[in-house]
Amino acid sequence: MIKTEKILHLKSYRGRRVRVVREHYLRERVPCFSSLCQAACANDGKVLPGDLTHYVVPGVEVVVNFLEILEFRELQGVIFTQTACQALQSKGRRCYSRLRNLVKDPRHDCVLFANEFQEHSYRPREKGESHEQWQTRCVYEAAVWYYNHLAGMMSIVMVTEDEDVVSRFSNLNSGVFVVTFKDYLQNFWPDLQAAHELYGSISQALQEKESEDTQKEFCEHLPTEVLAAGIKSGRYIQGILNVSKHRAQNEAFVANDDISNKNSDLIGGVLVYGVRNRNRAVHGDSVVLELLPRSEWRGKVTALTEGPVDERTGGDSESKPMPTGRVVGVLQRNWRDYVVTFPPREGTQSRNSQRILVIPWDRRIPKIRISTQQADVLQDHRVVVRIDSWESTSLYPSGHSVRVLGRAGELETEVQTILIENCIHVPPFSEAQLREMPSTSATKPWTVDPVQVSKRRDLRETHLVFSIDPRGCEDVDDTLSVRRLPGGSLLELGVHIADVTHFVSEGSLTDLEARSRATTYYLADRRYDMLPAVLSADLCSLLGGVDRYAMSVLWELDVQTMAVAKVWFGRTLIRSSYQLHYELAQALLNGEEAEVPELAQLASEERDGKLAELVEALETLTHVARHLRAQRDCGGALELEGVEVRAQLDEKRNITALVPRQPLEVHETVAECMIYANHWVARKIQEVFPYQALLRRHPPPRQELFGQLVDTAQARGFSIDTSTNKALADSLNRAVDPRDPLVNRLLRMMATQAMSQAVYFSTGSEPEDQFFHYGLALDRYTHFTSPIRRYADMVVHRLLTAALATEQGAEPVEAPAGNKEMEELAEHINNKNRAAQRAQNLSIGLFQCLFFKERDPETDPRCVAGAVIYSIRDNGVLVFVPEYGVKGPVYLKNKEGQVVSVGPDGTCEWQSGSVQRHSDHIRTTSACGSATFRLFDHITVRVSVLSSSCHSDTLNMEVISNKPHRSSSTPQQVSSQGRNQLVQEVVRLAEEAQKETRKPKLSREEREFRQSKTPNLYSLLEEIRELSLLDPETEPRPPEGTQVDT
Amino acid sequence: MAGIELLSDQGYRLDGRKATELRKVQARLGVFAQADGSAYLEQGNTKVLAVVYGPHEMRGSRSRTLHDRAVINCQYSMATFSTAERKRRPHGDRKSTEMSLHLKQTFEAAVMTQLFPRSQIDIYVKILQSDGGNYSVCVNAATLAVIDAGIPMRDYVCACTVGFVDETPLADLCYAEESGGVSSLALALLPRGGQIALVQMDARLHQDHLEALIEAATTACKGVSKVLDEVVRQHLQEASVLTGE
């Protein structure tokens, strides 16, 4: 079976050279993963097709340097050797995991061959042979083995970078060709322009690296062993480097990974001050720090600074000194694709036109040096680059360009920039993916399969099923039913969710695509669906009047106590009778006259009967939901976020929301049923799969984050109790200023920001007491109800199916993923959700800027708006503009040292003077007297755009009066209209602009990426919710409530 | 945690084995004529010499004498050249004392000591080359030596070290794997009855995985016992040919 062989390694360990003997087992059978295999290898998983002209075996240096090119899906039949894989492993774990993912991904036509474990392809290293030579020989032998193994039916091409290798090996064997990578690309893939460009750009970067001068700019990083030992002994601190957005030049923070064992000083994180101390670490890297002596500790700057020009002036005040350190090593680089802008040509760069310093769009990333021939052409264009390395001899990291996005400032370029900066990759669905979809057309509509009908519980006749969604919703993924069971003492409540996993089987191309997207992305003007439209808007959408597959949860509840007597989970077949929207449902509940479209055709008698039936169902549902809500309230469910959203929804729908705290009850009813379903499904899957269920938890917030909230509330005389979720909810409810409803809204926003984020996790990797959901006050929670737009729900659906199968004693078709895999998946989904959130905010910001850019701030009345002060800083205040939902800084002291002085009529102008900051107000003193700005004061600001060629534009606000804006008494109506128009107007302008400038080629391409262009109502709602919840300064912390209820 | 990949996606370990495959085992019985029983065993690159004296009268202090069974005396030592760096290894250090104790416990469970009251059995094992799984290899070698000495045992005692990586149990760890941060478990088994003579584990492991791990260890031990059995039969055949029976 196995033959043993020994190899000798000389390894240096602790400085000494040590002789290590390791065993090396070789075997006869190593799977070749080719469909041409004659020897019946155990090829499970993906195999290389047999209809290619050749297989390509890249050499070690090709894999190490040009992996990016090998990632092109167009390259087919790639065989990675174990030798190359190991070489890549020594380069860094990130590169290696990229290769691993590549091999795992069935969309890429590549396999990994364990050549060093194959009896005939393994060659021991000979005496005097260099490591590189040996590797080359190993790869070549692997290529020869393949040729022989496939009985000469396939030619093998080995690509290398070394001309000597080509001359040495190319004539040894017919059928095995050895060519350089450049020749290979030119001869075999002459049309793959992108690959050629990438090749040029990478090889140029490599050459540059060799000719680097040797003057040291930074300290060398310490070797990994020293770092590991230092971390263990507590001498060094490990963490993720987080560069400050506002002072990217100087300030960066490292949040401590494990607070528990460190002294209390470090809880707030460690400051890394200056570029030299940062020592070549880039935002997001996992770094190792050494603390500086206490005398060198410094505080962070609290004054507001203005945009990109970020020079420190002497008089800036600092907070109290915090632990400060310097980076001694980088454990893990976390580089991604960066969008950069080529600077306009200036005298300083002309000396060497090939090496250009480009400016990343993300301010936290340092300038990147790249070599290119196209610097002139690419001026003011946005380009995607990757960082290759950052040597200690260079002030800047060096990189290479990957692809050009387009001219800066154009709408399409900017949207693509946002997507890439958030690592969102949404190509149009490929044909292969669409082929997997069931076919449906107007002439030949999709019908239910009789086999499925027999397997599923048929609810078409027995249950009155209906859906309640926002108006105009396309993807209906949840429906409800409720009925009284015979006997009268039991109610049956049903939640029916679209059975997406029936159509998308695990591991299919569509599934993989959905997994990598993880969620549907909603941008301000468009949407990128997670699933192809045929599923999301048709077959999986539980539309009215058609038969659909569903995944149902049915509870039998006691009529009086609402105690659960029985729960049933399973696959069903339903036909939704009514597709209601929220307003209609509420109108029916209120007993108002309302037109139900489904009943419009019927005769009046029949109609009345059906209407009564529907209204009764709705009433029962409301009744049940009230009970469920009350149950959760006892546990301390947080009302907080829900209110926020409902207030926004009110605004949107132009209900004169004088009392924003009275939302439609039907929202809550639907949300409550969904929460209930999610909760029960969570319980179910956790019971059956205690260590690999995907749940969602919401950890309690850290008390210190509530500081700002408590202080701010104090200024208005409210006390906020943050000890428990219930106390917090109660005290927020009390903190209402009858004269100013905005006060409560702002306080709730701050509370929302203090919350930690709810995350997905696998039950095997957290202790059971951490499963708790703080916001909803439930011990277990998951996402089950929106499989069309969230991948997590699809995972949960599969888990539930497997759980049901296990329970019935049958072996599940496929065992669910293990804990580790599930945890990885949860992490992936969490990341993607965060990215989606950020992209959404950025795109909204982008549209705001584009909107204001078209207007002259001096003349256009729409640029003047009312604002409320919600935070005080050293040289200004932070304000919230309810009309546009914008938050931002307002400076009371400018760079020339002038301050705002207020005239007798309230108008403001700049004069020299001074500013004093107090806890709840800020006072400016000048020749004309002094003025005070207090928390929650209403002022008037002028909004203008601060444009920037390299970064995103930002909104600039300037105080023009300390009196409330005259029209700010009716902000609610204005804003909703304004928002809608804003998006449309910007889209229209952008299109016009494109028509004028004879459509550039690039933007037409980009246009194809758009999947649904018209903004639907849902996305608008979401967007508005975001607007008012987010502070541009902090990370978005989306509220839980809204993610639940739709 | 940084570290090498112990189990690749294709299911290969560092040295090319699959998760459940054992290292190559080679053994010889009766390598020394002077002792009552002796054996040499290689399991991969771990090489062990085991020697058995006895049963004989109590030596040294008579007070340790047991009146109903034999006393088993074990001594474990490592050669100075057994690891990558030469190191003087004095007798009686903590590690080898512990190992000796474990061996003693293992063999008290397997050897039918009640047949030899008031006597003593000495088992000496020496690691010539160490490459992981020292305890298990010692047990396996000592079993052969005891058999060579003709001392009756209930069954072979077979031992194996298993580790747990990526939710997969790895059988028969080598040194690189043992030092790579794996939670490892050593198990000594009487394979025919499936009785466990000794389990030892000093790493952290979720208790739900323990069952799977022990299961894997049992399978591995049975594999070892098959090999040992073959070696013994082979030896017997050779011996009988030599003595002309």
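In this predicted model, five strands of chain B form an open sheet in the order β1-β2-β3-β5-β4, and the pairing is mixed. Chain B has four helices and nine strands, while chain A has 28 helices and 36 strands. The points below begin with the chain B sheet, continue with one cysteine and the chain as a whole, and then turn to chain A.

- Strands of a sheet pair through backbone hydrogen bonds, and the pairing is either parallel or antiparallel.
- Strand β2 (residues 37-43) of chain B runs antiparallel to strand β3 (residues 46-57) of chain B, and seven bridges join them.
- Within β3(B), Val52(B) is the bridge partner of Gly37(B).

**Helices lying across that sheet**

- Helix α2 (residues 134-149) of chain B lies across β1, β2, β3, β4 and β5 (119-129) of chain B.
- The angle between α2(B) and β2(B) is about 145°.
- Helix α4 (residues 207-243) of chain B lies across β1 and β2 of chain B.
- The angle between α4(B) and β1(B) is about 35°.

**Cys158 of chain B**

- Cys158(B) belongs to strand β6 (residues 158-165) of chain B.
- A residue is buried when its relative accessible area is under 20%; Cys158(B) has a value of 0%, so it is buried.
- Leu190(B) is 32 residues away from Cys158(B) in sequence, yet their C-alpha atoms are 6.6 Å apart in space.
- Leaving aside residues up to four places away in sequence, Cys158(B) touches Asn140(B), Leu187(B), Ala188(B), Leu189(B), Pro191(B), Cys221(B), Val224(B), Ser225(B) and Leu228(B).

**Chain B as a whole**

- Along the sequence, the elements of chain B follow the pattern β-β-β-β-α-β-α-β-β-α-β-β-α.
- Of the 245 residues in chain B, 50% are buried.
- Among contacts in chain B with a separation of 6 or more, 68% are between residues 24 or more positions apart.
- Chain B has an accessible surface of about 12,000 Å², and 50% of that surface belongs to carbon and sulfur atoms.

**Chain A as a whole**

- Buried residues account for 55% of the 1046 residues in chain A.
- Of the contacts in chain A between residues at least 6 apart in sequence, 68% join residues at least 24 apart.

**Helices of chain A**

- Helix α1 (residues 60-70) of chain A is largely enclosed by the rest of the structure, because nine of its 11 residues are buried.
- The buried residues of α1(A) are Val60(A), Val62(A), Val63(A), Val64(A), Phe66(A), Leu67(A), Glu68(A), Ile69(A) and Leu70(A).
- Two packed helices are described by the angle between their axes and the distance between the axes.
- For helix α2 (residues 82-91) and helix α3 (residues 93-104) of chain A, the angle is about 140° and the axes are 6 Å apart.
- α2(A) and α3(A) are therefore oblique to each other.
- On the α2(A) side the contact is made by Cys85(A), Leu88(A), Gln89(A) and Lys91(A), and on the α3(A) side by Cys95(A), Tyr96(A) and Leu99(A).
- By class, this contact has five nonpolar residues, one polar and one charged.

**Strands of chain A**

- Four strands of chain A form an open sheet in the order β31-β32-β33-β34, with antiparallel pairing.
- The edge strands of this sheet are β31 (898-902) and β34 (929-934) of chain A, and each pairs on one side only.
- From one strand to the next, the twist averages 50°.
- β31(A) pairs with strand β32 (residues 908-917) of chain A over five bridges, in the antiparallel sense.
- Trp910(A) in β32(A) is the bridge partner of Val900(A).
- Elsewhere in chain A, strand β15 (residues 368-371) runs parallel to strand β17 (residues 398-407), and two bridges join them.
- In β17(A), Gly399(A) is the bridge partner of Ile370(A).
- Strand β16 (residues 381-389) of chain A runs antiparallel to β17(A), and eight bridges join these two strands.
- Here the bridge partner of Val384(A) in β17(A) is Arg403(A).

Definitions and conventions:
Residues numbered from 1 in each chain as written. Chains lettered and ligands numbered in written order. Predicted model: local features only at pLDDT ≥ 70, side-chain atom pairs only at ≥ 80, totals over all residues. Heavy atoms only, no water. Axes fitted to C-alpha atoms, helices over the stretch in contact; angles between N-to-C directions. Parallel < 35°, antiparallel > 145°, perpendicular 65-115°, else oblique. Contact = heavy atoms within 4.5 Å. Nonpolar A, V, L, I, M, F, W, Y, C, P; charged D, E, K, R; others polar. Buried < 20%, exposed > 50% of the residue type's maximum accessible area, 1.4 Å probe, protein only. Areas by Shrake-Rupley, 256 points an atom, 1.4 Å probe, with all protein chains shown as cover. Pairing = 2+ DSSP bridges.
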